[in-house]
Amino acid sequence: DRVEVYAAHMHEDVVRRLEIVSDLQRAIGNGELKLQYQPIVQLDTSRVTGAEALVRWSRGNQLVAPREFLGAAEESGLIVPLGEWVLREACAQGAAWRRSSWEVGISVNLSARQITAPGFTALVAAVLADTGLPPETLTVEVNERILVAADGLIIDRLAELRRLGVRLAIDDFGTGYASLAYLRQLPLDIIKIDPSFVAGLGHDDTLTLITRTVVQLGRDLGLRVVAEGIEQPRQLIALREMGCDDGQGFLFARPMAASGVEALIRTATVDPDEQPVSECETTRVSG
């Protein structure tokens, strides 16, 4: 009672993903991966308070799109060793900043497969001990859609991380349709407002109202609120008026090498008027 249609590009897509998985497995051990960091800025002071670690892969002379190789890594299970590499590199960098007396936190994205991997909590504890990064300066970010589909194991693992002292953030808040339930269940520290809401600030009354409500909700619950995808001055003005705590986006800085973040830290504040605004894709990267 159905019809299935085969198209040649389907085979090409499968072959390409298999090649990516094979090459990515070698890349993890061959030093082909690198981390970039997008600064997180305190909106009322324009001071850099943290940085989100984003993984990049140059496959030969070609930069592979994050959504392409991360999706393949998640399906194949390579996200587990890849995620461990990202965690270690990011924590080591965060510890180096702390040794320089820079009070800058580090944020790392987690996937469901990473969280449910055997011994994950012990791994995080070991990485913190090995790198010397204080647990409270590490923030793990979990996409809200993961929580919507989560089983008890994911919730338990996140609670274990929180008991280590690690901070917990819900990423892309407002897109998972079960937000309030998880605000009650998890010992959260941070809400990150999805860029789709921030994009409408200043010209879409509905999105502006939703964003203001989330900021007020975070304040009432004692959570910090981070607005993602800030690209226009009008968005920054609106968020400041709402009392949003922190923000990140191309208006402040693009993802950059650690040395670039250090240059911003040394200047004490980030002036949005001096930062180039890019129209390129703002896809975030798990790891």
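Me: What makes α3 and α5 count as meeting, and which residues take part?
Reply: Contact needs heavy atoms within 4.5 Å. In this predicted model, α3 brings Glu-84, Leu-87, Arg-88, Cys-91, Ala-92, Ala-95 and Arg-99. From α5 come Leu-123, Val-124, Val-127, Leu-128, Asp-130 and Thr-131. By class, the contact of α3 with α5 has 8 nonpolar, 1 polar and 4 charged residues.

Me: What angle and what axis distance describe the packing of helix α3 and helix α5?
Reply: The angle is about 35°, and the axes are 9 Å apart. Helix α3 covers residues 79-99 and helix α5 covers residues 120-131. Two packed helices are described by just this pair of values, the angle between the axes and the distance between them.

Me: Is the crossing of α3 and α5 left-handed or right-handed?
Reply: The crossing of α3 and α5 is right-handed.

Me: How do you know that the span of helix α7 agrees with its number of residues?
Reply: Helix α7 runs over residues 152-164, which is 13 residues. The expected span is 1.5 Å times one less than the number of residues. For α7 that should give 18 Å. The end C-alpha atoms are 19 Å apart, so the two agree.

Me: Which residues of α7 are called buried?
Reply: Buried means under 20% relative accessible area. In α7 the residues in that class are Ile-154, Ile-155, Arg-157, Leu-158, Ala-159 and Leu-161.

Me: What follows α7, and what is its phi?
Reply: Gly-165 follows α7. The phi of Gly-165 is positive, near 105°.

Me: What makes Ser-46 stand out in its phi?
Reply: Ser-46 is not a glycine, yet its phi is positive, about 60°. Most residues other than glycine have a negative phi. Ser-46 sits in the loop between β1 (33-42) and β2 (47-59). The hairpin of β1 and β2 has 4 residues between the strands.

Me: Why is Ser-46 called buried?
Reply: The cut-off for buried is under 20% relative accessible area. Ser-46 has 10% relative accessibility, so it counts as buried.

Me: Why is Ser-101 called exposed?
Reply: Exposed means over 50% relative accessible area. Ser-101 has 64%, so it is exposed. Ser-101 lies in the loop between α3 and β4 (105-110). Its phi is also positive, near 65°, in a residue other than glycine.

Me: Why is Gln-232 called partly exposed?
Reply: Gln-232 has a relative accessible area of 29%, so it is partly exposed. Its place is in the loop between β8 and α11 (233-242). Gln-232 and Phe-252 are 20 residues apart in sequence, with their C-alpha atoms 9.7 Å apart in space.

Me: What makes β1 largely enclosed by the rest of the structure?
Reply: 9 of the 10 residues of β1 are buried, so the strand is largely enclosed.

Me: How do you know that β1 pairs with β2 and with β9?
Reply: Pairing needs at least two bridges. Between β1 and β2 there are 10, and these strands run antiparallel. In β2, Ala-51 is the bridge partner of Pro-39. Strand β9 (residues 246-247) has 2 bridges to β1, also antiparallel. There, Gly-247 is the bridge partner of Val-41.

Me: How do you know that β7 pairs with β6 and with β8?
Reply: 3 bridges join β6 (residues 167-173) to β7, in parallel. 4 bridges join β7 to β8 (residues 224-227), again in parallel. Ile-190 stands opposite Ala-169 and opposite Arg-224 in β8.

Me: Which way do the residues of β7 point, and are they buried or exposed?
Reply: In a regular strand the side chains alternate between the two faces of the sheet. In β7 (residues 190-193), Ile-190 and Lys-192 point one way. Ile-191 and Ile-193 point the other way, and all are buried.

Me: Why is Asp-189 called buried, given its relative accessible area?
Reply: The cut-off is under 20%. Asp-189 has 15%, so it is buried. It lies in the loop between α8 (179-185) and β7. Beyond its neighbours within four places in sequence, Asp-189 is in contact with residues including Arg-162, Leu-168 and Arg-224.

Notes:
Residues are numbered from 1 along each chain as its sequence is written. This is a predicted model: local features need pLDDT of at least 70, side-chain atom pairs count only at pLDDT 80 or more; totals for chains, interfaces and linings use all residues. Side-chain values use heavy atoms; hydrogens and water are left out. Axes are lines fitted to C-alpha atoms, for helices over the stretch in contact, and angles run from 0 to 180 degrees between N-to-C directions. A crossing is left-handed if the near helix is turned anticlockwise from the far one by less than a right angle, and right-handed if clockwise. Ala, Val, Leu, Ile, Met, Phe, Trp, Tyr, Cys and Pro count as nonpolar, Asp, Glu, Lys and Arg as charged, and the others, Gly among them, as polar. Buried means under 20% relative accessible area, exposed over 50%, partly exposed in between (1.4 Å probe, protein chains only).
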